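I opened this one up to see how its pieces pack together. Here are my notes, in the order I looked things up.

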Amino acid sequence: TDLLLLRPALDELRPLERAMASADIICSRCNGKGHKAAACSLSFLRAQCSFCEKMGHDKSRCPVRIEKDKREAQARQLARVEHGKKAEDDDSKSVRSAGASEASTAVSSRPPCASGPVDVTKLSLSEEEEREARKLEKKLRDIAALEAQRDAGSHLDKLQLQKLQTKAELEDRCVMRKARLGYRRVALGSQAAGTQVI
């Protein structure tokens, strides 16, 4: 009986008030407000992906596209690592050849009457060797941080594990051996002049 009493009141509502009353209705298909599922403009079919042309997902959630993007990213990362290794190998060859020529000049420049071991504290790294030593020391600090993460139980990805494997090779570079022997370290150009590099 209450519905009968309310019915004339609903019929008397103005169009604006009817629109406001219909705003409370929620569509069960699109969760939009203001219409029922029978009046919904959303297709009854599932979404179709524009990438793989399959039903049930759109391009932003396409598993085929996501997997393809992951493979491409891994390939790019691997190419960067390989390119970096090649550049490091080229650098180490030049450092080794430079180190060999410096060692031969150091031996030949020793006076013939000198006997016994050479005092390495009187020897110093060149500016180029100093730069190389600083780069290698930074890489070794990064590796030490990764080792600490690994020891703490953190999961390391493939590239981080590869970086850990380069530790012995980095420590065995000629310039690092010189630094460990006690060769005097040099201040680089801008630091020697007292200016700061920003």
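I started with helix α4 (residues 127-151) and helix α5 (residues 158-165), which pack at an angle of about 120° with their axes 10 Å apart. My axes are lines fitted to C-alpha atoms, for helices over the stretch in contact, and angles run from 0 to 180 degrees between N-to-C directions. That angle makes α4 oblique to α5, because under 35 degrees counts as roughly parallel, over 145 as roughly antiparallel, 65 to 115 as roughly perpendicular and the rest as oblique.

Before going on, I noted that this is a predicted model, where local features need pLDDT of at least 70, side-chain atom pairs count only at pLDDT 80 or more, and totals for chains, interfaces and linings use all residues. Residues are numbered from 1 along each chain as its sequence is written, and side-chain values use heavy atoms, with hydrogens and water left out.

Next I asked which residues in α4 meet α5. I found D142, I143, L146, E147 and R150 on the α4 side, meeting Q160, K163 and L164 in α5 (contact means heavy atoms within 4.5 Å). I sorted the residues of this contact into 3 nonpolar, 1 polar and 4 charged. For that, Ala, Val, Leu, Ile, Met, Phe, Trp, Tyr, Cys and Pro count as nonpolar, Asp, Glu, Lys and Arg as charged, and the others, Gly among them, as polar.

I searched the whole structure and found 0. For C52, the nearest cysteine sulfur is that of C62, 3.7 Å away, and C52 is in no disulfide. I also checked burial: C52 is buried, with a relative accessible area of 19%. C40 is buried too, at 11%. The cut-offs are under 20% relative accessible area for buried, over 50% for exposed and partly exposed in between, with a 1.4 Å probe and protein chains only.

I looked up R65 as well, and its place is in helix α3 (residues 63-109). Is R65 buried or exposed? R65 is buried, with a relative accessible area of 19%. Leaving out residues up to four places away in sequence, R65 touches F51, K59 and S60.

Last, I zoomed out. I counted 8 helices and 0 strands; helices are DSSP runs of H or I with at least four residues, strands are E runs of at least two, and both are numbered from the N terminus. Buried residues make up 16% of the 198 residues in the protein.

How values were computed. Disulfide = S-S within 2.5 Å.
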